[in-house]
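Let's take a walk through this one together, a stop at a time. Have the viewer open and follow along.

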Amino acid sequence: LIITTPLLWWFTHTIVKPITNLQKAANSVALGNFKVDNELANHGPEELREVGQSFNKMSIAIDNLISNQHNLLSSISHELKTPVTALNAILENIILGVGKYKDRDTYLVQCKEITTQLSSMIKEVLDASKIDFVMEQQNAEPFDLSEELPAFCEPYCLIAKAKQIEFLLNTEGSCPVLLPKKGLEKILSNLLSNAVSYTPSGHGIQVTLQSDKLIIENECKPIPPDKLPRLFEPFYRPDFARDRKDGGNGLGLYIVDTLSKALHLHYTFIPMTSPDGMQFILYF
């Protein structure tokens, strides 16, 4: 008894209790509660602690994914509501022949424009929702971004020129990276598209590539600091860019944020004062 009692106590607290806690956590997750006990990773033999750590990471990842998808779905519902409601109202008035809607040809063209807008929005939503899956299917590859960047910037240089915007590209030596090329291109595409869209004619954009970061600066009205965090929410457009024609689809920076996290890249997005504008820095 003197020998076995301490052994039983040790076995219960070192082996049985961690396994019981892990079982409870698994049952909790099975019921849809992903907020598991962090103590799973702190008790028991090394093998059990490793299992607990893996379980914690899994539950956190699932919880974040569900939270992000919920936010995206809520935003999708809100964003689609307006054009769908407008389309329904126009079609109902056309069918009833109310007032100006007797001119069916004119308003059927407007309905076609709304459906085209909806189709574009749905494609954007599908592209955004499958980002994580696409990233899982892509393999990182080594390449020098300084060799790829000029060709990639060329279309945006042409768009900037057409808008009478000065576009400068500076590469300060090589920038070797190990990343999925398509994922990085998607990030840069959204950043450069935003820069061109929000830079007024007669102003400039400067892209600077250094050995460990890419800096994109565009001259524009600086965004107030209190609005900056919301820019990375799906479909959010600030007050000065509410129109989709002027303010884009509201998914660009959401995609940038999602892809950056998937690729473990850090970034900063801050206002500039000399000259006035915005500066985005992507760190490699």
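Which residues in helix 5 meet which residues in helix 6? Keep in mind as you look that this is a predicted model. On the helix 5 side, you'll find Leu145, Glu148, Leu149, Phe152, Cys153, Tyr156, Ile159 and Ala160. Their partners in helix 6 are Lys181, Leu184, Glu185, Leu188, Ser189, Leu192, Ser193 and Val196. Sorted by class, that contact has 11 nonpolar, 2 polar and 3 charged residues. As for the geometry, helix 5 runs over residues 145-162 and helix 6 over residues 181-198, and the two pack at an angle of about 35 degrees with axes 11 Å apart. Their crossing is right-handed.

Stay with helix 5 for a moment and pick out Phe152 and Tyr156, which sit 4 residues apart, about one turn of the helix. An α-helix has 3.6 residues a turn, so residues three or four places apart point the same way. Both Phe152 and Tyr156 are buried. There are 6 aromatic pairs in the model. Phe152 and Tyr156 make up one of them, a tilted pair at 6.1 Å centre to centre with 50 degrees between the planes. Elsewhere, ring pairs tie Phe232, Tyr267, Phe269 and Phe280 together as a cluster.

Helix 5 also holds Ser146. Is Ser146 buried or exposed? Its relative accessible area is 16%, and because buried means under 20%, Ser146 counts as buried. The side chain of Ser146 makes a polar contact of 2.6 Å with that of Asp144. Leaving out residues up to four places away in sequence, Ser146 touches Thr171, Gly173, Ser174, Cys175 and Leu209.

Now hop over to helix 3, residues 104-129, where you'll find Tyr107. Tyr107 is buried too, with a relative accessible area of 14%. Beyond four places in sequence, Tyr107 touches Ile90, Ile94, Lys100 and Tyr101. Take Ile94 from that list: Tyr107 and Ile94 are 13 residues apart in sequence, with 7.6 Å between their C-alpha atoms.

Last stop, helix 8, residues 252-262. Why can we call helix 8 largely enclosed by the rest of the structure? Because 9 of its 11 residues are buried. The buried residues of helix 8 are Gly252, Leu253, Tyr254, Ile255, Val256, Asp257, Thr258, Leu259 and Ser260. Just past the end of helix 8, check the backbone at His264, which takes a positive phi of about 60 degrees.

Technical notes:
Residues are numbered from 1 along each chain as its sequence is written. This is a predicted model: local features need pLDDT of at least 70, side-chain atom pairs count only at pLDDT 80 or more; totals for chains, interfaces and linings use all residues. Side-chain values use heavy atoms; hydrogens and water are left out. Axes are lines fitted to C-alpha atoms, for helices over the stretch in contact, and angles run from 0 to 180 degrees between N-to-C directions. A crossing is left-handed if the near helix is turned anticlockwise from the far one by less than a right angle, and right-handed if clockwise. Contact means heavy atoms within 4.5 Å. Ala, Val, Leu, Ile, Met, Phe, Trp, Tyr, Cys and Pro count as nonpolar, Asp, Glu, Lys and Arg as charged, and the others, Gly among them, as polar. Buried means under 20% relative accessible area, exposed over 50%, partly exposed in between (1.4 Å probe, protein chains only). A polar contact is a pair of N or O atoms within 3.5 Å; within protein, one must be able to donate a hydrogen and the other to accept it, and residues adjacent in sequence count only if both atoms are side-chain atoms. Rings of Phe, Tyr and Trp (its six-membered ring) pair if their centres lie within 6.5 Å; planes under 30 degrees apart count as stacked, over 60 as edge-to-face and the rest as tilted.
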